[in-house]
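The following exercises concern the protein model shown below.

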Amino acid sequence: MYTTTLALLCTLAAAAFAAPAAKQSKDEPVPILAYSFDGPNPEGSYSYSYETGNGIKAQEQGQLAKIAGDEDALRVQGSFSYVGVDGNTIGLTYVADENGFQPKGDHLPTPPPVPADILKALEYIAVHPEEDNL
């Protein structure tokens, strides 16, 4: 469990720090403006947050949850943001649980809308299921 938590924290930190820095010299250190970390606690929960001098902000909370019988899952929710090379802030919120990683952000691509005729056909199929001829 602790290995999973540590791996998740390292992955998110690497993703946040890999974001483009806003007008920051390669040789100039980036100051940590705020940092907090609580955990891992005995029941499996944790939380952390940080903010850096180049506009990166991240926060996350996680807790261990029983999902079926003796099976546990780590349920995590969090967010991070950074300033892109164009000066705009890129933000992402996410949930990661037994259903996988579910990110949300205005910059993420979205699927095209389902055509009206397909929606109508799906509604018809739901109301008129095919009968088994056995």
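## Exercise 1: A residue in a strand

Ile 67 is placed in strand E3, which covers residues 57-68. The model is a predicted one.

**Task.** Classify Ile 67 as buried, partly exposed or exposed, and state which residues outside its sequence neighbourhood are in contact with Ile 67.

**Solution.** 
1. The relative accessibility of Ile 67 is 31%. Buried requires under 20% and exposed requires over 50%, with partly exposed in between. Ile 67 therefore counts as partly exposed.
2. With neighbours within four places in sequence left aside, Ile 67 is in contact with Asp 72, Ala 73, Arg 75 and Glu 98.
3. Glu 98 lies 31 residues from Ile 67 along the chain, yet their C-alpha atoms are separated by 8.0 Å.

## Exercise 2: Two further residues

**Task.** Determine whether Ser 81 is buried or exposed, and do likewise for Tyr 124.

**Solution.** 
1. Ser 81 belongs to strand E4, residues 71-83. Its relative accessibility is 16%, and the cut-off for buried is under 20%; Ser 81 therefore counts as buried.
2. Beyond its neighbours within four places in sequence, Ser 81 is in contact with Gly 55, Ile 56 and Lys 57, and also with Thr 89, Ile 90 and Gly 91.
3. Tyr 124 is found in helix H2, residues 116-127. Because its relative accessibility is 53%, Tyr 124 counts as exposed.
4. Tyr 124 also takes part in a nonpolar surface patch of about 590 Å², together with Val 114, Ile 118, Leu 119, Leu 122 and Ile 125.

## Exercise 3: The largest nonpolar core

**Task.** State which residues make up the largest nonpolar core and which element gives the largest share.

**Solution.** 
1. The core has 12 residues in all: Tyr 46, Tyr 48, Tyr 50, Ile 56, Ala 58, Leu 74, Val 76, Phe 80, Tyr 82, Leu 92, Tyr 94 and Ala 96.
2. Two or more residues come from each of strand E2 (46-52), E4 and strand E5 (89-97).
3. E4 provides the largest share of this core, with four residues.

## Exercise 4: The whole chain

**Task.** Describe the order of the secondary structure elements and the share of residues that count as buried.

**Solution.** 
1. The protein has two helices and six strands, which follow one another from the N terminus as α-β-β-β-β-β-β-α.
2. Of its 134 residues, 22% count as buried.
3. The protein exposes about 9,700 Å², of which carbon and sulfur atoms supply 57%.
4. Among contacts with a separation of 6 or more, 28% are between residues 24 or more positions apart.

Technical notes: Residues numbered from 1 in each chain as written. Predicted model: local features only at pLDDT ≥ 70, side-chain atom pairs only at ≥ 80, totals over all residues. Heavy atoms only, no water. Buried < 20%, exposed > 50% of the residue type's maximum accessible area, 1.4 Å probe, protein only. Contact = heavy atoms within 4.5 Å. Areas by Shrake-Rupley, 256 points an atom, 1.4 Å probe, with all protein chains shown as cover. Patch = residues over 30% accessible without salt bridge, like charges linked within 9 Å, V, L, I, M, F, W, Y side chains within 5 Å. Salt bridge = Lys/Arg side-chain N within 4 Å of Asp/Glu carboxyl O. Core = buried A, V, L, I, M, F, W, Y, C linked by side-chain atoms within 4.5 Å.
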